[in-house]
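Please consult the sequence and the structure alongside the text.

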Amino acid sequence: MTATLSRSAAAERFRDRPGRLLIDGELVDAARGERFTVIDPTTEEELGQVARAGTEDVDRAVTAARAAFADRRWSGLPRARREAVLHRLADLVEGATAELAALDVLENGMPLAFAQYEIGSAVAMIRYFAGWPTKVESTVLATDDPIFGYTRREPVGVCAGIAPWNAPVTNPLLKIVPALACGNTVIAKPAEQTPLTAVRIAELCLEAGIPPGVVNVLQGPGDVGAALVAHPGVDKIAFTGSTATGKLIQREAAATLKRVTLELGGKSPNILFADADLEAAIPGALMAVFANSGQVCFAGTRLFVERPIHDAVVEALAAGSAQMVVGDGFDPATQLGPLVSAAQFDRVRGYIEAGVAGGATLAHGGDRVGDRGYFVRPTVFAGADNTMRIAREEIFGPVVTVIPFDDESEVLRLADDTNFGLGAGVWTRDLSRAHRVAASLRAGVVWVNTYGDLSATVPFGGFKQSGIGREFGTAALDAYTEHKSVLVKL
């Protein structure tokens, strides 16, 4: 059983540890002394303040990362030593589970059990990538005599990782650890809504023995990320967030031809065929959209249901949603916490109003829960079609839109009628149909008779406007290395 902290104990620990920047191996205040406030989405009260990076801090972090890369402070270490340091980081993150999970609940609002699951996934991810340094291999090429040819995989250089707020532990580490495994140096920029865990991660990186300048952490709003994207001393950007911001990053990065990895938004189809095992599919569909209060990029927000079972599925979804507990993430009974901020709360409520105005039927939810905190009841729309705003645009909240279909060809057309292509789900007992539909869907990940399962060994990313490149698995090797060819005349 994982140990836990109470809300008051977690808040007190944060207040006792000032939130600083990590630059060149030192925890420091911002150059201008500026700070910004972190709000608890459960209570709408101030949790505390952390250092707000400015342009001077961005320059200092880039300079430190460039010097560490040029000196081969990290990439020059024996590979086994680098692996040992990363495994040490995994041990430290795992050992800090209670504290990190409590910080997750404080700043993001997610249920404690979900936070603990997230941290377990982060530890598994670190351990997977920690094994890479001794396994990145060169390749001998077939060439004509007297030329001997081979390739080397070399680190890209200084990598800036810009993370979102929906997984405060996993997302920054997913930018830091794969880059380190390939020999790069890193500047991580967490979301301004959830900087507390990033502050703690910075401390754990120092404790693990990562050399000064190799990992740097800058907190602050979007202008900090923009400064990193524009900075000529940064070689690569890894960004997770909205498609709109991803487009801006790609445009700006083009000025210096930075390497770019983008994991962006989604409007993922989740397809229930009439032969699906509904005892598994109904709870699967609920969690596909309501996990983390719907604040998941690959959430199954467009639920396509074959017409013979449509009405029964809508009724079951409404009944299941009515039983879900919305509340404080520190309460063990809670299944849905608040949305992360007032802005996100207003955004989601606006989409619910648009759904009603557009002619969809509220089968359940749509209202606020309580009078304090950014809580929205799990919401099920029926009577919808694929042209409505609630079926076209990413809501990023606990809202599912149920759309009926008549046959396989129709649902494939509807499912792919979107600018996104991140995830998709298929529920059927027909094995041939499962493989056929999975092959036809334009999505980076397709789940069959499950939804949302991820593994550090499996590449993750999107088609179309859901992103560029892949995270996780061996595919991430291409994101953080360059191929160098060497030709030797014998």
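## Salt bridges and the domain contact

Asp57 and Arg60 are both part of helix H2 (residues 55-70), where they stand three residues apart, about one turn of the helix. Helices here are DSSP runs of H or I with at least four residues, strands are runs of E with at least two, and both are numbered from the N terminus. The model is predicted: local features need pLDDT of at least 70 and side-chain atom pairs count only at pLDDT 80 or more, while totals for chains, interfaces and linings use all residues. Residues are numbered from 1 along each chain as its sequence is written, and side-chain values use heavy atoms, with hydrogens and water left out.

Side chains of opposite charge can pair when their charged atoms come close. A salt bridge is counted when a side-chain nitrogen of Lys or Arg lies within 4 Å of a carboxyl oxygen of Asp or Glu. The whole structure contains 30 salt bridges; the table lists three of them.

| Pair | N to O distance |
|---|---|
| Asp57 and Arg60 | 2.6 Å |
| Arg152 and Glu154 | 2.7 Å |
| Asp406 and Arg307 | 2.8 Å |

Accessibility is classed as buried under 20% relative accessible area, exposed over 50% and partly exposed in between (1.4 Å probe, protein chains only). Asp57 is buried at 1%, whereas Arg60 is partly exposed at 35%. Arg152 is partly exposed at 38%, and Glu154 is buried at 19%. Asp406 is partly exposed at 44%, as is Arg307 at 42%. A network of salt bridges links Asp275, Glu408, Arg433 and Arg436.

The domain assignment divides the chain into domain 1 (7-264 + 466-487) and domain 2 (269-448), with bounds that come from an automatic or database assignment. Their centres, taken over C-alpha atoms, are 31 Å apart. The contact (heavy atoms within 4.5 Å) involves 27 residues from domain 1 and 27 residues from domain 2.

About 2,100 Å² is buried between the two domains, with 58% of this area given by carbon and sulfur atoms. Buried area is the accessible area (1.4 Å probe) that two parts lose on being put together, summed over both.

Two salt bridges are counted between domain 1 and domain 2. Glu45 forms a salt bridge with Arg372, with the closest N and O atoms 3.5 Å apart.
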